[in-house]
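Please read the following report alongside the sequence and the coordinates.

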Amino acid sequence: MASKTEIHEGGCTCRHLRYRMMSRPLFVHCCHCRWCQRETGAAFALNAMIEADRVELLEGEPEAVMTPSASGKGQTIWRCPRCRIAVWSNYAGAGDALRFVRVGTLDEPDRVPPDIHIFTMSKQPWVVLPEGMPAVKEYYQASKMWPKESLQRRAVLKRG
Ligand SMILES: [Zn+2]
Ligand SMILES: [Zn+2]
């Protein structure tokens, strides 16, 4: 049973789309790759990974937009059909059961800080990471970085 403090609500800019994350995410990426920079128009993307069945749609229906990705396998970006704001993505590698929720679309994004910085090889030089913050030049192995509870949740997902 999720406690109230673990519930996060969010949505698009026009408020047609509203959703709720029913628990804390598995892990939160701050991605500094060029693809994320282009897609956000900013210096990095903040993605909260969470099981799709823990994301409840409260209002509206997002629209899938197939988008090229760095892996070449593509990603599906889910957007509000009206204002076109992206609320989450599915990547070919992780499948539909795992959503990458865009932290900036949460009502209280401050409550979901990154667990790791990835692809720091293309990090914009003015972005200075806090001392001791986990950071990798490219990608990493979940088994080495994720908390035990998240790995257990992921294992359930893979058995699905
Ligand atoms: Zn909208
Ligand atoms: Zn990226």
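## Terms and basis

A residue is called buried when its relative accessible area is under 20%, exposed when that area is over 50%, and partly exposed in between, using a 1.4 Å probe and protein chains only. This is a predicted model, in which local features need pLDDT of at least 70 and side-chain atom pairs count only at pLDDT 80 or more, while totals for chains, interfaces and linings use all residues. Residues are numbered from 1 along each chain as its sequence is written, chains are lettered from A and ligands numbered from 1 in the order in which they are written, and side-chain values use heavy atoms, with hydrogens and water left out.

## The three-stranded sheet

Strands (E, at least two residues) and helices (H or I, at least four residues) are DSSP runs numbered from the N terminus, and two strands pair if DSSP finds at least two bridges between them. On these terms, three strands form an open sheet in the order β1-β2-β5, with antiparallel pairing. The edges are held by β1 (8-11) and β5 (55-59), each with a single partner strand, so one side of each has no neighbour in the sheet. Neighbouring strands of this sheet are turned by 25° against each other on average, direction ignored; the axes are lines fitted to C-alpha atoms (for helices over the stretch in contact), and angles run from 0 to 180 degrees between N-to-C directions.

Strand β2 (residues 18-21) pairs with β5 in the antiparallel sense over four bridges, and Met21 has Val55 in β5 as its bridge partner.

His8 lies in strand β1 and is buried, with a relative accessible area of 6%. Leaving aside residues up to four places away in sequence, His8 touches Tyr19, Arg20, Met21, Ser23, Arg24, Leu106, Arg111 and Val112, where contact means heavy atoms within 4.5 Å. The C-alpha atoms of His8 and Arg24 are separated by 7.7 Å, although the two are 16 residues apart along the chain.

Arg18, in strand β2, is buried at 8% relative accessibility. Its side chain forms a polar contact of 2.7 Å with that of Asp107, a polar contact being a pair of N or O atoms within 3.5 Å; within protein, one must be able to donate a hydrogen and the other to accept it, and residues adjacent in sequence count only if both atoms are side-chain atoms. A polar atom of the Arg18 side chain also lies 3.4 Å from the backbone oxygen of Gly10.

## Aromatic pairs

Rings of Phe, Tyr and Trp (its six-membered ring) pair if their centres lie within 6.5 Å, with planes under 30 degrees apart counted as stacked, over 60 as edge-to-face and the rest as tilted. The count by this rule is six aromatic pairs. Phe119 and Tyr139 form a tilted pair, because their ring centres are 6.4 Å apart and their planes stand at 45°.

Phe119 is partly exposed at 23% relative accessibility, and Tyr139 is partly exposed at 47%. Ring pairs join Phe27, Phe119, Tyr139, Tyr140 and Trp146 into a cluster.
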